[in-house]
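This report describes a single protein chain. The sequence and the model are shown here.

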Amino acid sequence: GSIPSEIGNLVTLEQLQLDNNQLTGSIPSEIGNLVALKSLQATRNKLNHLIPSEIGYLEALEQLDVN
């Protein structure tokens, strides 16, 4: 499956761990709405390697691993 755009509704989320879920497609631009997000991990999936520019809105982000 893919990461739904509705993920952007989780504005108070601080950690998002999506490792090893066979996710496909891309990280939706709505990820930029997660302004409290400190950690995003999405390794060992089948996501394309494009990171949306909206990731730059995540000023609290300390850890990003989408290898």
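The model is predicted, so local features need pLDDT of at least 70, side-chain atom pairs count only at pLDDT 80 or more, and totals for chains, interfaces and linings use all residues. Residues are numbered from 1 along each chain as its sequence is written, and side-chain values use heavy atoms, with hydrogens and water left out.

**Overall form**

The protein chain has zero helices and five strands, where helices (H or I, at least four residues) and strands (E, at least two) are DSSP runs numbered from the N terminus. Along the sequence the pattern is β-β-β-β-β. The radius of gyration is 11 Å, close to the 11 Å that the globule rule gives for 67 residues, so the protein chain is as compact as a globular protein of that length. Here the radius is taken over C-alpha atoms, and the rule is 2.2 Å times the number of residues to the power 0.38. Taken along the principal axes, the C-alpha atoms fill a box of roughly 25 × 20 × 20 Å. Of the 67 residues, 33% count as buried; buried means under 20% relative accessible area, exposed over 50%, and partly exposed in between (1.4 Å probe, protein chains only).

**Nonpolar core**

In soluble globular proteins, nonpolar side chains tend to be buried together. The largest nonpolar core in this model holds 14 residues, of which Ile3, Leu16 and Ile31 touch the most other members. Such a core is a set of buried Ala, Val, Leu, Ile, Met, Phe, Trp, Tyr and Cys residues joined through side-chain atoms within 4.5 Å. Leaving aside neighbours within four places in sequence, Ile31 is in contact (heavy atoms within 4.5 Å) with Leu16, Leu40, Pro52, Ile55 and Leu58.

**Two loop residues**

Asn45 is found in the loop between β3 (39-41) and β4 (46-47), whereas Glu30 lies in the loop between β2 (24-25) and β3.

| Residue | Relative accessibility | Class |
|---|---|---|
| Asn45 | 17% | buried |
| Glu30 | 28% | partly exposed |

The side chain of Asn45 reaches the backbone nitrogen of Leu23 at 3.0 Å and the backbone oxygen of Thr43 at 3.0 Å. Not counting residues up to four places away in sequence, Asn45 touches Leu18, Asp19, Asn20, Asn21, Gln22 and Leu23. With that exclusion applied to Glu30, the residues touched are Ser5 and Gly8. The C-alpha atoms of Glu30 and Glu59, 29 residues apart along the chain, are separated by 15 Å.

Terms used:
Polar contact = N/O pair within 3.5 Å; in protein donor to acceptor, adjacent residues only side chain to side chain.
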